[in-house]
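Open your viewer and get ready to select residues. We will go stop by stop.

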Amino acid sequence: MRITLNMQTNEALLTLNNQQEQITNLSQQIASGVTLSSPSDDPYDWAQAMNINQGLQEYNSILSGINFATGWGQATGSALSQLSNLVSQAQQTAISAASATGTSQSATLASEVNGILQQAVNLANSQYGDQYIFAGASTTSAPYSMDNLTGNNDSNYIQVKTGTSDASDGGSTAVNLTGNDVFSFTSGGNTLNVLQVISGLGQAIQNGDSATISSDIDTLNDAYNHITNESVVNGTMLSALTNQQSAINVMQTNEQSTLSKLQDTDVADATTKLQQAQTAFQAALQVTGMLDNLNLPSYLTSNSTG
Amino acid sequence: MAGLNVTLDIGLQTLQNTQTEIQTASNNISNASTAGYATETAVQTANPAILTPSGWLGTGATISQITQARDQFLEQQLMNAMSDDSQYTSLSTQLTSIQSASSDSGDDGISQALGNFFDAWNTLAQNPTGLSEQTGVYSAAQGLASAVQSTYNQLNQIATQMPGQIQNTVDQANALIAKIAQLNTAIAQNQTPTCQPNDLIDARYQAMDSLAQLIPVSFSQDPTTGMVNVTTTNANGSLPVVSGATGIPLTASTSSTITGGQLGGLLTAQTNLTGYISQLNDFASTLMLQVNNISEESEGGNLNPALAVFGGTDASSITASTSFLSGPTGAELSSSAQAIGDLQDSQVTFTDGTSATPEQYLSNIQQTVGDDVQQANNNQSFYDSLQTQLQTQQESVSGVSIDQEMINVIQDQQVYEAAAKVIETASTLMSTITSMIT
């Protein structure tokens, strides 16, 4: 083959360009820490990485839902345990009242029951953040007051995202117990309200109505059991949330490592390749430099001067 | 005496011949790196012999013509490779800028805004009447709308620049077509059966090479006039652009379906871009429809268009509004917030018939763009090496080899010195004879 001047320069240029490009790519991968800097680097991996990123964002959203539900559930749990204490105090008071003698003792016991009622109403208006937890979905205003012991009767549940929507439970959890869930209970075939029963007990003690007082002792026992039951319901939700949280954490870690495999630079590998590319580039530069002397005119010149 | 005179004549002609050859070599060396230059050779032929009593005696040599080294077959192949190379170079350049305009790694861009949007609805479900949760949804919806719109605007900006670039390329091609026709005329005027106007031919090859970078080119040469006929290809097949002395410029209709060269690359990029924009519109309009369907029915299950979260019709006009917050009760808002949040991993049927989650649809757009760019890049690097290979072959035939020219010059120098010696000798012999006469 006839070798001409342009051929040599074209070839040298192409080789140097290709090697420069390789070096630039590798050093970019090492510097940025990611192998994918645009979709065309690997379209499939790029799309996978996007989907995983969206999944990770969703997991964060789910974890925030779980945190919210857990916080709410803990607030509910502590309100319920205090409430059960109050009911049992009311029951103790009723037992004392049943054997009470004299009006002054009755008045003391009646005011004790009133104090219990006051505390119970306060618990019924417990808040998590600025939301009333026993108000159904109408969480912005206090559901109970001394004048309204039946509450707002809002039976809606607050559904919060605690999983992906393809999960068997639709990925959501009802975080709240409504006022009726907590304060309504059945005793002797009747549906009663805990607060009204306590209030009625106060009236009965005041009026010395011993028949009502003694029936209230049993009724309050049923109320106590009901509230304990609701605590169990709430506790079950909390432990399910804890399980869900650790499951989501595991999935999050898995997705993170998949994402890292997709887009993170294998620094050792890239550095070795960069080293190779640099060596090849230096060799190419040296060869290009030699081309300058490899021709007849320069031989003739060096011969005549030397 | 006759013999000596002829010897002197031959010597003189030899001196002239070697000077012509050295000039040719000098011209070659001087054009060694000139683009489009083909190495020239002074073709030397023996003069007719004279019949003398001693037999046929030679009378020296003449330079009969200066030829250039060209292989038309190689030139045609090189032009094809140039068309392909510049087609994929321009396609890759265009698509790469489209790719960075629409780039969405999942950490940023529309995906991120989409994730935030769903996250905000999930938070709203926790506290539907909370002011900060409500504001969060509105600002996330606004963020999503503006991310979609800004991507659309970036793509649209490239789309509006494309016709100008295409027209520019067509104008350049038309100028080259006119130039080739002019050169055809000039070559036909200067061509004789033995002499060809090498520099004009170089200029015409250069013009054809430039044209081949813009549109596909194939040519055939008329051996008597030296003119070339040039055709290009569009969707309807072969399209003549130069016919002898006449250039046939590309028109808007003939140029719109050119299938190669820079113009072909631009046209493909334009088609692809239109596709991406329509996918983005499908994404935006479907998401708007799905979200609005839920929010518009949030109040008591009745359809109320005033409760739409998004306004507008497609990616160019998507906007977010706050009106969806006023009307529904907290419980209604909470359940619609939850339903909208669930869209994040629901299979949704998009207007183009695809069934995917919103994020999958987005990542699919990115994958399509990435695939197109990757394909263009692969083709470009393939045709780049093919072009270099053919250029090497073409250079091997037509290029200037400095070594060869130096050898020629050394040879010419020796011939020149020998001829001068012959003249000197003949001159001495003649003066010997002249001195015998006096």
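**Stop 1: a loop in chain A.** Select N153(A). This residue is partly exposed, because 13 other C-beta atoms lie within 10 Å. Keep in mind that you are looking at a predicted model. Now show the chain around the residue. N153(A) sits in the loop between β2 (131–132) and β3 (159–161) of chain A. Check its backbone angles too. Phi of N153(A) is near 55 degrees, a positive value in a residue other than glycine.

**Stop 2: a helix residue in chain A.** Select T242(A). Which helix holds T242(A)? The answer is α6 (residues 210–263) of chain A. T242(A) is also partly exposed, with 13 other C-beta atoms within 10 Å. T242(A) and D292(A) are 74 Å apart in space, and 50 residues apart in sequence.

**Stop 3: Q196(A).** Select Q196(A) next. Look for it in helix α5 (residues 194–207) of chain A. Q196(A) has 14 C-beta neighbours inside 10 Å, so it counts as partly exposed.

**Stop 4: two helices within chain A.** Two packed helices are described by the angle between their axes and the distance between the axes. For α2(A) and α5(A), the angle is about 20 degrees and the axes are 11 Å apart. Are these helices roughly parallel or roughly antiparallel? Angles under 35 degrees count as roughly parallel, so α2(A) and α5(A) are roughly parallel to each other. Their crossing is left-handed.

Show the side chains at the contact. From α2(A) come V87(A), A90(A), A94(A) and A97(A). They meet V194(A), I198(A), L201(A) and I205(A) of α5(A). Sort these residues by class: eight are nonpolar, none polar and none charged.

**Stop 5: across to chain B.** α2(A) passes α9(B) in a right-handed crossing.

Zoom in on the contact. On the α2(A) side, select residues including P43(A), Y44(A), W46(A) and M50(A). On the α9(B) side, the residues include E359(B), L362(B), G370(B) and Q374(B). By class, this contact has six nonpolar, nine polar and two charged residues.

**Stop 6: the whole contact between the chains.** Zoom out. How many residues does each chain put into the contact? Chain B gives 53 residues and chain A gives 46 residues. On the chain B side, α2 (72–102), α3 (109–126), α8 (330–342), α9 and α10 (402–437) each supply at least two residues. α9(B) gives the most, with 18 residues. Colour the chain B side by class.

**Stop 7: two helices within chain B.** Select α2(B) and α4 (residues 131–190) of chain B. Their axes come within 8 Å and cross at roughly 160 degrees. α2(B) and α4(B) are therefore roughly antiparallel to each other. The crossing here is right-handed. S97(B), I98(B), A101(B) and S102(B) of α2(B) meet T151(B), Q154(B), L155(B) and I158(B) of α4(B). This contact divides into four nonpolar, four polar and no charged residues.

**Stop 8: a strand residue in chain B.** Select L57(B). Its place is in strand β3 (residues 55–57) of chain B. Is L57(B) buried or exposed? It counts as exposed, because it has 12 C-beta neighbours inside 10 Å. Leaving aside residues up to four places away in sequence, L57(B) touches A49(B), I50(B) and T52(B). L57(B) and G3(B) are 54 residues apart along the chain, with their C-alpha atoms separated by 10.0 Å.

**Stop 9: the domains of chain B.** Finish by colouring two parts. The domain assignment gives domain 1 (2–69 + 400–437) and domain 2 (75–180 + 263–387) of chain B. The C-alpha centres of these two domains lie 74 Å apart.

Methods
Residues are numbered from 1 along each chain as its sequence is written. Chains are lettered from A and ligands numbered from 1 in the order in which they are written. This is a predicted model: local features need pLDDT of at least 70, side-chain atom pairs count only at pLDDT 80 or more; totals for chains, interfaces and linings use all residues. A crossing is left-handed if the near helix is turned anticlockwise from the far one by less than a right angle, and right-handed if clockwise. Helices (H or I, at least four residues) and strands (E, at least two) are DSSP runs, numbered from the N terminus. Two residues are in contact if their C-beta atoms, placed from the backbone, lie within 7 Å. Ala, Val, Leu, Ile, Met, Phe, Trp, Tyr, Cys and Pro count as nonpolar, Asp, Glu, Lys and Arg as charged, and the others, Gly among them, as polar. Domain bounds come from an automatic or database domain assignment. A residue is buried if 20 or more other C-beta atoms lie within 10 Å of its own, exposed if 12 or fewer, and partly exposed in between; C-beta atoms are placed from the backbone. Axes are lines fitted to C-alpha atoms, for helices over the stretch in contact, and angles run from 0 to 180 degrees between N-to-C directions. Angles under 35 degrees count as roughly parallel, over 145 as roughly antiparallel, 65 to 115 as roughly perpendicular and the rest as oblique.
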